[in-house]
Amino acid sequence: MFWRKTRAAIERFHPVHQGLILQRTASATLPPAEWEAVVASLARHAETVKRRKWRIPDRAVHVVVPLIRVLCEDVAPNGAIGITADLRGPKVPEKTGPSQRFPGRGRVRGITEWFAQDPWFTARAELRDGSVLELAVIDRVRYRKIHKVNPRGKHKTKTKTKTVQRITARRTLQPDQNVRRPDTPPPPSLAVRVKSAKRTVVSATTKLGPAPALDDQVQWILAVATEPFRWTPPTAPVRRTA
């Protein structure tokens, strides 16, 4: 059988790793040590699997893995990290909304427009200071299919896309944790909301259009995730007595 050794190698990978290969999705809640095993399994992928069909999605390598490493550094010793990654892309039927058709003008005979909502990354981590951090990244893609007729009477169609990305970071504080407005305000592109309750929630949201490049994705997510931490005073160091 062709690729028998490759299939056998895939079966030895971590189950989360296998999900990213076969279904392009992964969803699990694991302790930091187990997530480190997932990262180690993904690191062995390139030297074992060569076929393009079973290649790991680029977002898994450039976005999901770095975020797992960052979350593992700040999670509580007995805490857990929950991650859901849907890397199938926005063209999946359940992510696509209904289409609308608009009349054209001149050589444009008609325009068909539809939107796709792609929530491709969510995470929840129980942190060392007792707070809970939740992250969500959603792509909203607009598709426009334009039907034209050129001067020679030939019909042509062209599809254009525009992606707007929404990044949200929500931090749920401990019951006794205070909130303090930072000395410098957040940038205008970042909306911050503080919801007072038994456990105060500080959330930060930004919309990016067009969506950032793959290499800049982690920086944008971490920039939004950092904002809720600016709204709490730093914890005083514990003094030890002799």
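Student: Which backbone atom does the side chain of His14 reach?
Tutor: The backbone nitrogen of Val16, at 3.1 Å. That falls under polar contacts: a pair of N or O atoms within 3.5 Å, where, within protein, one must be able to donate a hydrogen and the other to accept it, and residues adjacent in sequence count only if both atoms are side-chain atoms.

Student: Anything to know about the model before we go on?
Tutor: Residues are numbered from 1 along each chain as its sequence is written, and side-chain values use heavy atoms, with hydrogens and water left out. The model is predicted, so local features need pLDDT of at least 70 and side-chain atom pairs count only at pLDDT 80 or more, while totals for chains, interfaces and linings use all residues.

Student: Ok, where does His14 lie?
Tutor: In the loop between helix H1 (4-11) and helix H2 (15-22). Helices (H or I, at least four residues) and strands (E, at least two) are DSSP runs, numbered from the N terminus.

Student: And is His14 buried or exposed?
Tutor: His14 is buried, because its relative accessible area is 14%. Buried means under 20% relative accessible area, exposed over 50%, and partly exposed in between, using a 1.4 Å probe and protein chains only.

Student: What is His14 in contact with, leaving aside neighbours within four places in sequence?
Tutor: Leu30, Glu34, Ala37, Val38 and Ser41. Contact here means heavy atoms within 4.5 Å.

Student: And Pro15, buried or exposed?
Tutor: Pro15 is exposed, at 60% relative accessibility. Pro15 lies in helix H2.

Student: How do H2 and H3 cross?
Tutor: The axes of H2 and helix H3 (residues 32-43) come within 8 Å, and they cross at roughly 50°. Axes are lines fitted to C-alpha atoms, for helices over the stretch in contact, and angles run from 0 to 180 degrees between N-to-C directions.

Student: What's the word for that angle?
Tutor: H2 and H3 are oblique to each other. Under 35 degrees counts as roughly parallel, over 145 as roughly antiparallel, 65 to 115 as roughly perpendicular, and the rest as oblique.

Student: Which residues meet there?
Tutor: From H2, Val16, His17 and Leu20 meet Trp35, Val38, Ser41 and Leu42 of H3. By class, this contact has 5 nonpolar, 2 polar and no charged residues. Ala, Val, Leu, Ile, Met, Phe, Trp, Tyr, Cys and Pro count as nonpolar, Asp, Glu, Lys and Arg as charged, and the others, Gly among them, as polar.

Student: Back to H1. Which of its residues are buried?
Tutor: Thr6, Ala9 and Ile10. They sit on the same side of H1, because they cover an arc of only 100° around the axis. The arc is that of the directions from the helix axis to the C-beta atoms.

Student: What covers those buried residues of H1?
Tutor: The cover includes H2 and helix H4 (45-48). On the face of H1 turned away from the buried side you find the exposed residues Arg4, Lys5 and Glu11.

Student: Which residues are buried in H6?
Tutor: In H6 (217-226), the buried ones are Gln217, Val218, Ile221, Val224 and Ala225. Their arc around the axis is only 130°, so they are on the same side of H6. What covers them includes helix H5 (58-74), strand S4 (108-126) and strand S5 (132-149).

Student: What kind of peptide bond joins Gly209 and Pro210?
Tutor: A cis one, with omega about 0°. Pro210 is in the loop between strand S8 (201-208) and helix H6.

Student: Last one, Lys95. Buried or exposed?
Tutor: Lys95 is buried, at 7% relative accessibility. Lys95 is in the loop between strand S2 (81-86) and strand S3 (100-103).

Student: Which side chain makes a polar contact with the side chain of Lys95?
Tutor: That of Asp86, at 3.3 Å. The side chain of Lys95 also reaches the backbone oxygen of Gly89 at 3.1 Å.
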